[in-house]
Amino acid sequence: MALLEIEGLVVRFRTHEGTIHAVNGVSFQVDEGETLGLVGESGCGKSVTSLALMRLLPSPAGHVEGGRVRLDGTELLDLTEAEMRDLRGRELAMIFQDPMTSLNPVLTIAEQMVETIRAHTQMTAEQATARAVELLGMVGIPRPETRLKAFPHEFSGGMRQRVMIAMALALHPRLLIADEPTTALDVTIQAQVLELLRALTADSGTAVILITHDLGVVAGMTRRINVMYAGYIVETAPTAELFAHPAHPYTVGLLHSIPRLDAVEGEPLIPIEGTPPDQRRAPVGCPFAPRCAWRLAACWSTNPPLEPLVTGMPVVLTGDRATHRIACLNPPTPEEAAAGLPLREGFVAAPAPGSVVDELAIAEVPA
Amino acid sequence: MTAPQLAPAPRPDGEAPAGDRATAGPLLRVEDLKVYFPITEGLILQRHIGDVRAVDGVSFELARGETLGLVGESGCGKSTTGRALLRLYRPTAGRIEFDGHDLAALDGGQLRRFRRRMQMIFQDPYASLNPRMTAGGIVREPLDIFAVGTPPERRERVRDLLATVGLDPDFADRYPHEFSGGQRQRIGVARALALNPELIVADEPISALDVSIQAQIINLLERLQGQFGLTYLFIAHDLSVVRHISDRIAVMYLGRIVEVAAARELNERPLHPYTVALLSAIPVPDPVIEGRRRRIILTGDVPSPANPPSGCRFHTRCWLRERLGNPEECVTQDPALRPLASGHQVACHFAERVDGSVEQVQVAAALLRRAAPVDSTRAAPPDRPGPAGAPPG
């Protein structure tokens, strides 16, 4: 049995401007000790998925409107708040993007760490303090005894994120969710923090869900990746397989639209045209259809489920041998994926049915 | 790229006064630019107790039609440099020669006359557009300020500009909140183009945008450069983006330029230990390369620009210095930017020792080899250099 099982998760936000369809039926599993990347752009539902499973959705706007989340067989969505609180930190921990807003600015690091440790263990204050010093040393904070008495603002961004990692790992959780843990950091500091995260979670066998928009970060940090778009998982595969054989038009588009350090000079970028979807509209058809160069007429009305790339393959959900699955009616061929464009003779993406969608951007004028 | 082409819309007011224009030489020459922000103490008698040396002696040249990438981590002074060039900050010292005229010495009307020839694109398309003005009004404002043409001509020019940046001219009456981030950035670009500037300072123009939108804006900026013969100073923290768009790259650290080279040269043969570390820290979206790379993890944080380290400012974090047995020179002597190869300048006492080091080989090998397995769909097309599936270096 997998450590974490999410089935058909649906999350909506009720706002003044209508219902936001944030997560529209997401299912995946995570094994003990596995590292999974959730990749997508802002608004794709990657963070909301993790907040829903931590039961930390902003209330009262956010609702889980369907689906199940099981941690080691326990149904998380049925737990009381007190039971859930007991689980957080001990079984599940989370690191957020901005360490300044996730640390309490008016408490010292010592107060925050000792509080966390004592809330979940029988340790005395002295024992908890000793453990906090040990943890800060472990994440590479110099002079941990002194620094423990400091306030969050006295730390740099990278150091704060180290403190967050120390707190998250304090109770040896089985699953760590890292939500854009290095997005706010400079690239040399990002390298420090990622290295630390990798070493610590590998040592302790902690499973990690790494949420990021940076394909470079997941390439080096994860074993398996879910690509999300508009509240759906559109492609899932082991990391090596996903980068070697990207198969969903969105994944292909992402890989061709970022400048790479190892790219050949003069290689043009191929942008994904259009804009991310307005999630106030209930999804109809494939959510990526309006921006897709491979779309068929059917894509406007049909949203295909995640299915194995090779039809008839038995589906393995987790681990390095997980089945490569995509949600697409007209996937690019390997040659097209390599080129980033449809290569079929005379192929034109199907026009929108009926009235033209209100797209503000008009097509880019070729240079 | 640099071929001069006529702008589609003529300058309605004719050319700038002939006396302002010197034709030979670089468009911009910056010499020993310093921008200090004072630190004061006390509420009433604000005693000057120190300076944040945001930019501390920066020199570079920018040729017409060229793109210079200015790259570095937060706090290195790259944005301050960009803003000081447009005289949004008053330089503490140094010369900013734009087309042969020292901007640092100008004021008032004279400065205004030059300002229309240089424009800025800002990072945050949410904060840089006035929410109470329509898209058309935002783009028209520079034309109004400089009284360019008649009102109907200005209206027409605004429609042209919106179309040029890939927006529907009919959306001129919409307000910024009705546009997405990428579209807002296009409005910001249209505003920057309104007065037919020669120099555009783009300060992190894509870092606030979604990944899938970034390429749209990069391609737009590249197309406009070809179309209007623009000169760019492209400021960004992301070396892979800077490398894509720039002809030359200047790497900044703590208020100084530590290395300048052609984009390709910098990428393939970095000579400053900081550049090497920066390149090695950037994740590459390829698990094969990521699995083989060995990173140089710099220790510690960037020191405070209010109290920069003595000698070489990078010495507190330098991996090369450590390997060389911590030579005293790094602490006592401030290295000057010196040429090591044609067009390649570096500020390091021991830059010669960088070449051929273990890390250097690792970085270059990972970058030069698109190490894709032979059966991969992303196997290199024939025109790509480097053997596919070569063994790790």
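**Close-up views of a predicted two-chain model**

**View 1. Packing of helices H3 and H5 in chain B.** In this predicted model, the axes of helix H3 (residues 135-145) of chain B and helix H5 (residues 181-193) of chain B approach to within 7 Å and cross at roughly 25°. Because angles under 35 degrees count as roughly parallel, that crossing makes H3(B) roughly parallel to H5(B). The crossing of H3(B) and H5(B) is right-handed. On the H3(B) side the contact is made by Ala135(B), Ile138(B), Val139(B) and Pro142(B), and on the H5(B) side by Ile187(B), Ala190(B) and Arg191(B). Sorted by class, the contact of H3(B) with H5(B) has 6 nonpolar residues and 1 charged residue, with no polar residues.

**View 2. Strand pairing around E1 of chain A.** Strand E1 (residues 4-15) of chain A pairs with strand E2 (residues 18-30) of chain A and also with strand E4 (residues 62-71) of chain A. With E2(A), E1(A) runs antiparallel and is joined by 10 bridges, and these two strands form a hairpin with 2 residues between them. Within this pairing, Glu5(A) stands opposite Gln29(A) of E2(A). With E4(A), E1(A) pairs in the antiparallel sense over 8 bridges, and here Val11(A) has Val64(A) of E4(A) as its bridge partner.

**View 3. The side of chain A that touches chain B.** The contact between the chains takes 50 residues from chain A and 51 residues from chain B. On the side of chain A that touches chain B, the elements giving two or more residues are helix H8 (187-204), helix H9 (215-221), helix H10 (239-244), helix H11 (249-257) and helix H12 (334-339) of chain A. Of these, H8(A) gives the most, with 7 residues. The residues of this side of chain A divide into 28 nonpolar, 14 polar and 8 charged. For the complex, the predictor gives an ipTM of 0.85 and a pTM of 0.86.

View 4. Chain B has a mean pLDDT of 84, and 84% of its residues reach 70 or more. Over residues 1-20 of chain B, however, the pLDDT is below 50, although this stretch has 23 contacts in the model beyond near neighbours in sequence. Over residues 368-393 of chain B the pLDDT likewise stays under 50, and the model has 40 contacts for this stretch beyond four places in sequence. Where pLDDT is low, the predicted coordinates should not be read in detail.

Technical notes:
Residues are numbered from 1 along each chain as its sequence is written. Chains are lettered from A and ligands numbered from 1 in the order in which they are written. This is a predicted model: local features need pLDDT of at least 70, side-chain atom pairs count only at pLDDT 80 or more; totals for chains, interfaces and linings use all residues. Axes are lines fitted to C-alpha atoms, for helices over the stretch in contact, and angles run from 0 to 180 degrees between N-to-C directions. Helices (H or I, at least four residues) and strands (E, at least two) are DSSP runs, numbered from the N terminus. Angles under 35 degrees count as roughly parallel, over 145 as roughly antiparallel, 65 to 115 as roughly perpendicular and the rest as oblique. A crossing is left-handed if the near helix is turned anticlockwise from the far one by less than a right angle, and right-handed if clockwise. Two residues are in contact if their C-beta atoms, placed from the backbone, lie within 7 Å. Ala, Val, Leu, Ile, Met, Phe, Trp, Tyr, Cys and Pro count as nonpolar, Asp, Glu, Lys and Arg as charged, and the others, Gly among them, as polar. pLDDT is the predictor's confidence in each residue, from 0 to 100. Two strands pair if DSSP finds at least two bridges between them.
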